[in-house]
Amino acid sequence: MTDPTTDSAGNTEDAAAARASLETLRTEIAKAVVGQDPAVTGLVVALLCRGHVLLEGVPGVAKTLLVRALASALELDTKRVQFTPDLMPSDVTGSLVYDTRTAEFSFQPGPVFTNLLLADEINRTPPKTQSSLLEAMEERQVTVDGTPRTLPEPFLVAATQNPVEYEGTYPLPEAQLDRFLLKLTIPLPSREDEIDVLTRHASGFDPRDLHAAGLRPVAGPADLEAARAAVARTTVSAEITAYVVDICRATRESPSLTLGVSPRGATALLAAARAWAWLTGRDYVTPDDVKALALPALRHRVQLRPEAEMEGVTADSVINSVLVQVPVPR
């Protein structure tokens with residue numbers, strides 16, 4: 001019989017080692033990507049919560065490179081799908097292919113069978129193809145010809161979209177947006193960071209060769225598994241739970257919104273805050289953890305009224321005003 005004390009000590013040691021490994025991710029990814037620490041943290045939080053991420057930013061801010069660098073640093077498999085108007089669901093999930101040698105149909109896996117799937121410009125493909133990811137994101141499987149096929153573990157969808165070019169796009173419906181744990185905005189770099197980017201390229205940096213850039217695996221699936229177990233042991237008080245509920249309910253009463261945060265959104269905020277608390281070295285969640293993850297966890301789950309949008313109100317500004325109004329537990 002296993003000694004509970006020894007088992008607990010082993011769990012603590014595994015969790016500490018996993019946290020130390022994940023903390024080095026920023027340094028490692030910085031060898032390839034400059035100045036995107038918040039996005040790196042958001043992707044790690046999503047992995048710990050078994051969630052998915054929507055990356056929004058103009059072209060050329062290293063969204064693709066960021067996902068590739070993360071996969072390399074975590075020793076995970078990654079694939080990229082460029083979403084286009086003529087992309088079919090089977091191009092994502094895979095399909096049955098007739099084998100002339102055996103006179104039978106065999107399943108040819110699509111790019112969704114990976115650990116980190118980069119769905120590039122997801123809003124450029126019609127809803128039918130967008131929805132092909134729904135089962136994969138929610139159930140961790142795809143069904144082809146009536147047969148469910150389990151996806152690898154871990155599995156994360158990092159979908160990108162361009163916030164300024166909407167011509168010829170198919171905006172994601174609210175039901176699908178709600179499936180993303182976080183929406184991360186990738187800003188343009190500061191002047192100093194942009195100088196650093198150009199200096200690296202002038203020195204021979206090739207974004208297509210991360211190995212040559214010195215990027216090495218610093219963590220792996222085992223670390224993620226230990227980290228997830230530790231996050232599950234992170235304490236959430238009744239006051240924190242009520243605080244999360246009050247924030248989400250306040251968005252439903254905002255005069256600037258036609259759609260507030262659903263209970264799924266409240267669950268996502270709590271899970272993300274829990275993962276963030278553990279990453280910062282605590283085994284309990286504070287109101288500051290909730291505030292830190294409120295924008296990325298909720299901004300894509302609310303819908304502005306047209307008149308509010310015309311007045312320059314944004315989802316972020318509404319959520320920030322809600323955080324100011326809702327009493328903070330002591």
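Buried means under 20% relative accessible area. That cut-off is applied in the legends below to a predicted model.

**View 1. Arg-228 pairs with Glu-153 through a salt bridge.** The closest N and O atoms of the two side chains are 2.6 Å apart. Arg-228 belongs to helix α10 (residues 221–232), whereas Glu-153 sits in the loop between β7 and β8, and the pair links parts of the chain 75 residues apart. Because its relative accessible area is 11%, Arg-228 counts as buried. Glu-153, at 38%, is partly exposed.

**View 2. Arg-50 forms a salt bridge with Glu-153.** Here the closest N and O atoms are 2.9 Å apart. Arg-50 is partly exposed, with a relative accessible area of 40%. Its phi is near 60°, a positive value in a residue other than glycine. Through shared partners, salt bridges join Arg-50, Glu-153 and Arg-228 into one network.

**View 3. A cis peptide bond runs from Glu-153 to Pro-154.** Omega of this bond is near 0°. Pro-154 is located in the loop between β7 (147–150) and β8 (156–161).

**View 4. Arg-80 and Asp-120 form a salt bridge.** Their closest N and O atoms are 2.9 Å apart. Arg-80 is in strand β2 and Asp-120 in strand β5 (residues 116–120), so the pair ties together parts 40 residues apart in sequence. Arg-80 is partly exposed at 47% relative accessible area, whereas Asp-120 is buried at 9%. The whole structure contains 13 salt bridges.

**View 5. Lys-63 is buried but has no salt bridge.** The residue is found in helix α4 (residues 63–73). Asp-120 is the nearest side chain of opposite charge, at 6.0 Å. A salt bridge requires a side-chain nitrogen of Lys or Arg within 4 Å of a carboxyl oxygen of Asp or Glu. A polar atom of the Lys-63 side chain lies 3.1 Å from the backbone oxygen of Gly-57. Leaving aside residues up to four places away in sequence, Lys-63 touches Leu-55, Gly-57, Val-58, Thr-160 and Ile-186.

**View 6. Glu-75 has a positive phi although it is not a glycine.** The phi value is about 55°. Glu-75 is in the loop between α4 and β2 (78–82). With a relative accessible area of 57%, Glu-75 is exposed.

Key:
Residues numbered from 1 in each chain as written. Predicted model: local features only at pLDDT ≥ 70, side-chain atom pairs only at ≥ 80, totals over all residues. Heavy atoms only, no water. Helix = DSSP H or I, 4+ residues; strand = E, 2+ residues; numbered from the N terminus. Buried < 20%, exposed > 50% of the residue type's maximum accessible area, 1.4 Å probe, protein only. Lys, Arg positive; Asp, Glu negative; His and termini not counted. Polar contact = N/O pair within 3.5 Å; in protein donor to acceptor, adjacent residues only side chain to side chain. Contact = heavy atoms within 4.5 Å.
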